Amino acid sequence: MDIAKIFENNQKWIVEKLKIDQNYFKNLSEGQKPQILYIGCSDSRVSAEELMGVKPGEVFVHRNIANMVPNTDLNVMSVINYAVSHLEVKHVVVCGHYYCGGVKSAMQSKDLGLLNPWLRNIRDVYRLHKEELNLITCEDEKYNRLVELNVQEQCVNVLKTADVQKAFRERQITVHGWVWDIHSGNLIDLKIDFDKILKDIMEIYHLS
């Protein structure tokens, strides 16, 4: 990748946008009102806007290694607060992807230095679902199931936040767990039964 080429591409992109709409950048500069907060993986192969087919201004995007929502991460917590309580998005999506390098690294018994505390969150997901995962003999299937379960647990972490609980009570915000299949390009809705999952834990995590 030639860095100088990026600036050439930028100028071509500007010309193309202005050909379609002379007010394109003027309209963009007037503000944003996205309907969706998308929390995804930083993997360079996974472009949130492109895989969803949405335009600038339609989705508020946060990405990190393995689409995590740990409550100790001020970055993701700040994004949720701003998107939910200030932009008032209607949907929060946590989207993982099969063959995620972060999830794969968490499955291996290696000392990865600075990554250790981050990946430990994924290992905690494995611990919570160890019985199910240990019954899967195919490594690829186990790996992909952990990707799905990690999405599920990060959605639960989203639902534990005060901003989302308040928005749920006041305007019925919805949370979605998706996985992107990197082999086919398909987005898959995991159709997680949050009512069932949260039934036993909201007594602890409910915030009034």
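How many of the 208 residues in the chain are buried, as a percentage? Buried residues make up 38%, where buried means under 20% relative accessible area, exposed over 50% and partly exposed in between, with a 1.4 Å probe and protein chains only.

Before you click around: this is a predicted model, where local features need pLDDT of at least 70, side-chain atom pairs count only at pLDDT 80 or more, and totals for chains, interfaces and linings use all residues. Residues are numbered from 1 along each chain as its sequence is written, and side-chain values use heavy atoms, with hydrogens and water left out.

Start with a cartoon view. You'll find 11 helices and 5 strands; these are DSSP runs numbered from the N terminus, helices being H or I of at least four residues and strands E of at least two.

Now select Q154, in helix α8 (residues 139–160). Q154 counts as buried, at 2% relative accessibility. Show its contacts (heavy atoms within 4.5 Å): leaving aside neighbours within four places in sequence, they are N67, M68, V69, P70, V94 and V125.

Next, the rings. Phe, Tyr and Trp (its six-membered ring) pair if their centres lie within 6.5 Å; planes under 30 degrees apart are stacked, over 60 edge-to-face, the rest tilted. That rule gives 5 aromatic pairs. Pick W13 and Y24: they sit edge-to-face, 6.4 Å centre to centre with 90 degrees between the planes. W13 is in helix α1 (residues 3–20) and Y24 in helix α2 (residues 24–29), so the pair ties together parts 11 residues apart in sequence. W13 is partly exposed at 36%, while Y24 is buried at 16%.
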